[in-house]
Structure formats: C-alpha cells, structure tokens
Amino acid sequence: MDEPLEPKDDELVARTKDGDATAFDVLVRRYSPRVYGLVYNMTSNHEETNDLLQDIFLKAYRSIKGFRGDSSFYTWIHTIAANMTINFLKKRNRRRGPSLDDVDAHIENDPDYIEATAGSDPRREATLSELQKKLNDVMQKLSHDHRAVVTMFDIQGMPHAEIARILGISEGTVRSRLFYAHRQLQNYLEEFRAP
C-alpha cells in the first residue's frame with residue numbers, strides 16, 4: 001500500500017494563506033532543522049537560537065499572505081532567518097562585545113541539535129559533527145556576513161546562487177566573502193595543526 005504523499009510547499013503555503021494553521025505547522029516541522037542549523041551556526045548559543053527560531057517562524061506566519069512565490073518557501077524562510085539572525089548579532093554586539101559565555105561549547109551534545117539532525121545519513125552526520133567541533137570556536141571570529149555565507153555554503157551545502165538570493169547580494173559577492181572567510185579560517189586553524 002502506498003503511503004500518502006507529503007504535500008508540497010506551495011500547497012501548504014496556499015492552505016496557510018487560507019487560514020489553515022496546521023499547514024504552517026507542517027512547514028515549521030519540515031524546515032526547523034535546517035533553519036535551526038543556520039541560526040545556531042551563526043549564534044553558537046542554544047537559548048538565543050531557540051528564541052530566534054520562534055521569532056523567525058512567527059514572522060513568517062504573520063507575513064505569509066505577502067509571500068508571492070517569487071522564490072521557493074525554502075529560500076524565503078532562509079532569507080528571513082539569515083536577516084533576523086544578522087540583525088540580532090549586530091544588536092547583541094552593540095549591547096556588549098561578544099563573550100565566551102555566548103558560545104555553547106559542544107553543539108554535538110545539544111539535545112535540540114541532535115534532534116534536529118536525527119535521521120540524517122550517519123556518515124554525513126559524523127563529518128558534520130567533526131567539522132562543527134573545529135569550526136565552532138573559529139566561526140565566532142568571523143564577521144556576521146562572513147559567518148552567514150560559510151554556514152550556508154560549507155555547513156548547509158547551499159549553492160552560491162541560493163545564498164545570493166537569500167542574502168540579497170550577487171553571486172560574486174558570495175564567492176568573495178567565501179574566499180575571504182576561508183582564508184581567515186585557514187589562518188585561525190593554523191594553530192591547531194601539528195608542527
């Protein structure tokens with residue numbers, strides 16, 4: 001017996017616009033893990049990520065009637081998430097400088113991260129976990145703009161064009177930021193190399 005097909009994003013968006021909140025719940029469940037990963041890799045703080053995640057989906061729900069479908073829902077929700085997270089980080093840094101207290105030491109032990117990545121390919125998950133450990137500290141040294149492109153490209157595997165659409169910049173700027181961020185990361189990671 002065939003399992004029922006999952007409704008497509010367009011159908012769920014249309015149902016949400018018609019007032020079906022359960023359709024939006026499906027979108028939240030579908031995209032929460034990736035949006036959580038994006039926000040967490042930019043904030044490195046579990047509590048801030050959870051607060052931002054709620055705000056991001058609340059903003060999306062309130063704004064969905066204005067969503068025209070010029071991009072996919074995936075791109076649209078990631079645009080909201082990236083912009084809200086960058087704005088949050090700018091405000092946080094204005095209030096006070098970044099602190100080591102802001103950084104959760106081990107994302108791989110974070111129950112929400114584990115839940116968000118459950119069901120992933122174990123090999124990919126192991127690679128992501130190892131990469132996450134190494135990058136967690138040095139990612140905080142990057143600017144918000146550079147951290148965003150590294151998170152989307154290197155951690156979430158988004159293509160340059162998608163990142164450009166989400167951040168509202170050209171693909172050339174995405175490549176430039178990636179190049180600069182990768183050079184910075186290589187320099188920061190030099191100290192971890194064996195002599």
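Phe57 counts as buried because its relative accessibility is 7%, where buried means under 20% relative accessible area, exposed over 50% and partly exposed in between (1.4 Å probe, protein chains only). Phe24 likewise counts as buried, at 5% relative accessibility. The model is predicted, so local features need pLDDT of at least 70 and side-chain atom pairs count only at pLDDT 80 or more, while totals for chains, interfaces and linings use all residues. Residues are numbered from 1 along each chain as its sequence is written, and side-chain values use heavy atoms, with hydrogens and water left out.

Aromatic pairs come next. Rings of Phe, Tyr and Trp (its six-membered ring) pair if their centres lie within 6.5 Å; planes under 30 degrees apart count as stacked, over 60 as edge-to-face and the rest as tilted. Eight aromatic pairs are counted by this rule. One of them joins Phe24 and Phe57 edge-to-face, with 6.5 Å centre to centre and 70° between the planes. This pair links distant parts of the chain, 33 residues apart: Phe24 lies in helix α2 (residues 21–43) and Phe57 in helix α3 (residues 46–63), helices being DSSP runs (H or I, at least four residues) numbered from the N terminus.

Tyr31 and Phe73 form a tilted pair, 5.5 Å centre to centre with 50° between the planes. Here helix α2, holding Tyr31, is linked to helix α4 (residues 73–95), holding Phe73, across 42 residues.

Ala60, in helix α3, counts as buried at 0% relative accessibility. Beyond its neighbours within four places in sequence, Ala60 is in contact (heavy atoms within 4.5 Å) with Phe24, Trp76, Ile77 and Ile80.

Definitions and conventions:
Helix = DSSP H or I, 4+ residues; strand = E, 2+ residues; numbered from the N terminus.
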